[in-house]
Amino acid sequence: MNQNQLKQIELKQNVARAAADYVAAHLSMEGVLGVGTGSTANAFIEALAPLKGRIGAAVASSMATETRLKAIGIPVVDLNSAGDIELYVDGADEITRHLAMIKGGGGALTREKIVAACARTFVCIADETKLVEVLGQFPLPVEVIPMARSYVARQLVKMGGQPVLREGFLTDNGNIILDVRGLSLVDPSAMESQINQIVGVVTNGIFARRGANVLLLGTAHGVKTLTR
Ligand code: 5RP
């Protein structure tokens with residue numbers, strides 16, 4: 001592992017601890033916590049361990065996260081019985097100062113978007129390498145029903161994209177992911193809606209229509225807080 005990778009891990013751990021402090025300060029005793037997926041979310045789960053008695057119920061955005069939460073003794077409930085999520089904490093692949101994101105690098109975008117939709121407050125946790133002026137350097141993940149793969153890929157090409165099948169990967173919902181480069185994301189809300197109109201698309205990894213409310217950003221000068 002090189003110096004930059006080690007530094008990024010340290011920033012993720014710092015932001016994960018800041019997020020656990022945020023939970024301790026803002027989650028009510030009866031509130032349900034939503035927990036995201038990925039390496040930053042995993043660091044957050046580790047930082048939650050000392051708070052486990054304080055968290056009555058959590059909703060997981062993936063099977064992997066559910067396993068990790070249960071392993072540290074946090075009760076995981078089904079979203080359908082949870083109702084509203086008071087607080088949702090999750091990472092991102094890219095995020096702007098307006099708190100629009102690309103997510104889904106870990107392939108959990110659909111469940112993440114569902115939990116985000118149910119959340120009163122979405123706290124994004126990220127290291128400073130994820131902050132961008134305009135979304136789109138990171139290939140956009142699109143979850144697709146398997147039989148629609150070729151059709152959806154052709155539609156994405158017509159929109160200016162270059163879709164690539166994520167080889168050997170199925171989502172928790174049994175679908176495939178197309179990772180798409182080359183789309184113009186200067187208006188991320190419009191592109192989010194346009195891609196979701198393609199028949200066979202389950203959802204795409206642009207989180208602009210429901211962006212984050214708060215960004216905890218791990219930087220070399222400490223954790224900074226940005227809000228909308
Ligand atoms: C998973 C996600 C993750 O939040 C995103 O990929 C960031 O991951 P990491 O914290 O490992 O950089 O959207 O579907």
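**Domains.** I looked up the division of the chain first: domain 1 covers 3-132 + 209-227 and domain 2 covers 140-205, with bounds from an automatic or database domain assignment. The model is predicted, so I note that local features need pLDDT of at least 70 and side-chain atom pairs pLDDT 80 or more, while totals for chains, interfaces and linings use all residues. Residues are numbered from 1 along each chain as its sequence is written, and side-chain values use heavy atoms, without hydrogens and water.

The centres of domain 1 and domain 2, taken over C-alpha atoms, are 24 Å apart. I found 15 residues of domain 1 in contact with 19 residues of domain 2 (heavy atoms within 4.5 Å).

**Ligand shell.** I then turned to the ligand, which 17 residues surround (a heavy atom within 4 Å). S39, T40, D93, G104 and K130 are the closest. By class, I noted two nonpolar, nine polar and six charged residues in the shell; Gly counts as polar.

**Polar contacts.** I looked for pairs of N or O atoms within 3.5 Å. A polar backbone atom of G104 is 2.7 Å from an oxygen atom of the ligand. For G107, a backbone N or O atom lies 3.4 Å from a ligand oxygen. In E112, a side-chain N or O atom is 3.0 Å from an oxygen atom of the ligand.

Methods. A polar contact is a pair of N or O atoms within 3.5 Å; within protein, one must be able to donate a hydrogen and the other to accept it, and residues adjacent in sequence count only if both atoms are side-chain atoms.
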